[in-house]
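My notes follow the structure.

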Amino acid sequence: MGLGLLASRALRSSSRICTYPHNRNALVRTIVSTPELQNAESSAAAAQVPQPPDLPERTPVAGARVHFANPDDAIEVFVDGYPVKIPKGMTVLQACEVAGVDIPRFCYHSRLSIAGNCRMCLVEVEKSPKPVASCAMPALPDTPIAKKAREGVMEFLLMNHPLDCPICDQGGECDLQDQSMAFGSDRGRFTEMKRSVVDKNLGPLVKTVMTRCIQCTRCVRFATEVAGVQDLGMLGRGSGEEIGTYVEKLMTSELSGNVIDICPVGALTSKPFAFKARNWELKGTESIDVTDAVGSNIRIDSRGPEVMRVLPRLNEDINEEWISDKTRFFYDGLKRQRLNDPMIRGADGRFKAVSWRDALAVVAEVIHQAKPKDIVGVAVASAVLRKQMFSFLVGTQPRVEAAMVNARIRKTVRATQAKVGYIGPPTDLNYDHQHLGTGPQTLTEIAENRHPFCSALSNAKNPAIIVGAGIFERQDKDAIFSVVESIAKHCNAIRPDWNGLNVLLLNAAQAAALDLGLVPESENCIESSKFLYLMGADDVSLEKLPSDAFVVYQGHHGDRGVYRANVILPAAAFTEKEGIYENTEGCAQQTLPAVPTVGDARDDWKIIRALSEVAGVQLPYDTLGGVRSRIKTVAPNLLHMDERQPATFSSPVKPECSDKMSSTPFGTAVENFYMTDSITRASKIMAQCSAMLLKK
């Protein structure tokens with residue numbers, strides 16, 4: 001359990017923490033911060049305290065670490081005789097993690113508020129007649145009294161907990177199992193009938209077995225504090241206490257799957273993953289989410305050639321330890337509607353599987369016959385939202401376009417009371433905001449300093465202006481971006497130490513495509529093309545494509561782009577190849593292959609390399625390293641992994657504009673949160689979510 005960046009939330013302000021006595025016969029004393037020992041009397045008193053012996057260095061629990069915002073706030077405490085320096089306000093539970101002492105807990109979570117109702121973290125406190133919870137108390141962690149109290153609490157928790165570990169999906173990664181072995185007793189004294197609780201229907205994603213619930217309220221606090229929905233709560237009192245939804249309803253949050261991770265027992269588990277595999281049967285591969293442009297860090301668990309589940313990885317700068325439901329549950333789409341073999345459309349309109357040699361030969365022949373100006377290729381392809389005290393959303397709905405960005409904005413609003421202004425269609429952003437208007441007319445008023453919102457925008461210290469990618473689909477996009485840029489300059493959002501003008505992109509690696517210069521030369525290039533090469537591009541409108549145009553589709557799913565294709569070249573999905581994806585903040589991250597490729601599919605760069613050789617224009621790339629050497633000369637920022645780099649556009653993206661903005665209101669860029677790309681549209685789980693959670 002890491003300390004995180006929220007270690008100082010809801011903690012006691014006391015800077016005095018009790019320690020283990022160095023001498024068993026000595027009195028328990030209080031250790032104070034070093035600045036208080038600068039006078040002679042205090043120094044003399046400190047000299048009389050016996051010095052601790054040389055002790056071997058301990059490893060912090062789960063990589064726990066301490067960040068000192070102000071070195072003067074550091075205080076020194078002793079845990080089991082080990083000196084530890086911690087910032088003021090840190091709990092003993094967290095100090096013990098840094099010192100390598102693991103205190104058991106169920107309800108405590110570093111990113112949630114402190115509840116203190118599981119009582120598993122009981123410790124002995126100075127001058128206290130009985131053990132107390134260590135969530136925010138100075139304490140002695142491992143005394144005999146504390147150990148005996150923990151055994152009693154564990155026996156109490158197991159009193160009504162069913163003994164169904166062999167059929168529980170949490171088996172093997174259950175906190176209750178681990179802590180009952182480490183801190184519990186070897187027998188129980190409860191002989192009465194165990195109570196049972198009716199299971200709740202939370203939707204197609206979260207499976208409930210509420211008899212296993214120990215009322216730690218982690219799920220309730222997550223739903224209220226992080227997800228921003230009031231769906232869960234505690235009902236009843238005493239032995240009738242249980243967690244539910246008040247009235248019979250589904251959990252509709254786009255982050256609901258995270259309650260599976262934070263539940264310490266098997267009360268909340270993954271419904272699609274139920275009874276599929278045990279965690280020790282799975283191979284974990286670190287990767288990156290590609291369902292949106294956030295680039296959430298994930299771990300892909302696979303068994304053989306099949307992806308079994310997707311879990312979040314800790315990354316404080318991007319997704320912390322949460323992921324959206326779309327990221328977590330889209331994985332079943334990886335094995336549906338896959339393109340296995342190269343195919344050519346015959347005279348009867350049906351596709352016929354052929355060899356790679358035949359398919360590439362047909363494509364190369366058509367390329368030689370087409371004129372260069374008639375060849376068109378389509379590939380799918382900011383500032384940091386942490387210090388902003390003011391957010392201005394223009395034509396974007398981050399809750400459905402980038403759920404993790406919306407979660408970070410909500411976190412900032414709750415922590416600092418930051419103001420949020422929004423221009424767009426009415427929507428629920430699950431945090432307090434001002435709905436300023438629905439269209440460009442409001443932008444004009446703000447740019448001309450005629451709107452009441454202008455004063456708040458001008459007085460903001462670090463304003464963050466976030467423009468939605470749906471603006472790119474409008475005819476007046478250039479005029480809108482020109483007005484937004486003038487607003488950014490007026491409110492000093494762009495300066496050497498702060499870049500507050502952001503574009504919230506929709507697709508993974510779209511920022512990298514812009515860095516590589518993959519921008520259209522004209523808006524009507526598809527209408528005049530005779531040869532169209534689609535590389536994973538399924539959301540491109542082909543209505544105006546000439547009927548005699550030759551279309552090549554290179555991708556991994558039989559999605560929208562396949563219906564118009566003449567030749568299909570099967571490619572590997574992101575779980576089957578090594579790749580670099582740049583997120584909407586300009587941070588390049590790498591994916592690694594988790595499972596083998598399907599059928600006769602190949603990596604994208606290998607297909608392009610083979611096609612160039614067949615066409616007689618061989619590219620000088622024989623390895624992935626050769627491809628990245630070329631990338632280094634074009635866009636070197638893409639090779640700086642896990643670092644935010646400024647954009648290096650290879651060609652002008654924003655032309656000069658003198659047009660006027662249209663009065664048409666801003667639309668919705670993402671109609672269906674659960675189906676945004678070829679993989680999610682092929683997912684049966686996402687189809688169930690769309691049918692159950694999006695119905696009005």
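How are α3 and α4 oriented to each other? I get oblique, the class left over once under 35 degrees is roughly parallel, over 145 roughly antiparallel and 65 to 115 roughly perpendicular. The axes of α3 (residues 144–157) and α4 (residues 175–183) cross at roughly 140° and come within 10 Å.

Housekeeping: this is a predicted model, where local features need pLDDT of at least 70 and side-chain atom pairs pLDDT 80 or more, while totals for chains, interfaces and linings use all residues. Numbering runs from 1 along each chain as its sequence is written, and side-chain values use heavy atoms, without hydrogens or water.

I looked up the residues next. From α3, Arg 150, Glu 151 and Met 154 meet Leu 176, Gln 179, Ser 180 and Phe 183 of α4 (contact is heavy atoms within 4.5 Å). I count three nonpolar, two polar and two charged residues in that contact.

For the whole protein I noted 18 helices and 28 strands (DSSP runs, H or I of at least four residues for helices, E of at least two for strands). Of its 696 residues, 52% are buried, meaning under 20% relative accessible area with a 1.4 Å probe, protein chains only.

Methods:
Buried < 20%, exposed > 50% of the residue type's maximum accessible area, 1.4 Å probe, protein only. Axes fitted to C-alpha atoms, helices over the stretch in contact; angles between N-to-C directions. Nonpolar A, V, L, I, M, F, W, Y, C, P; charged D, E, K, R; others polar.
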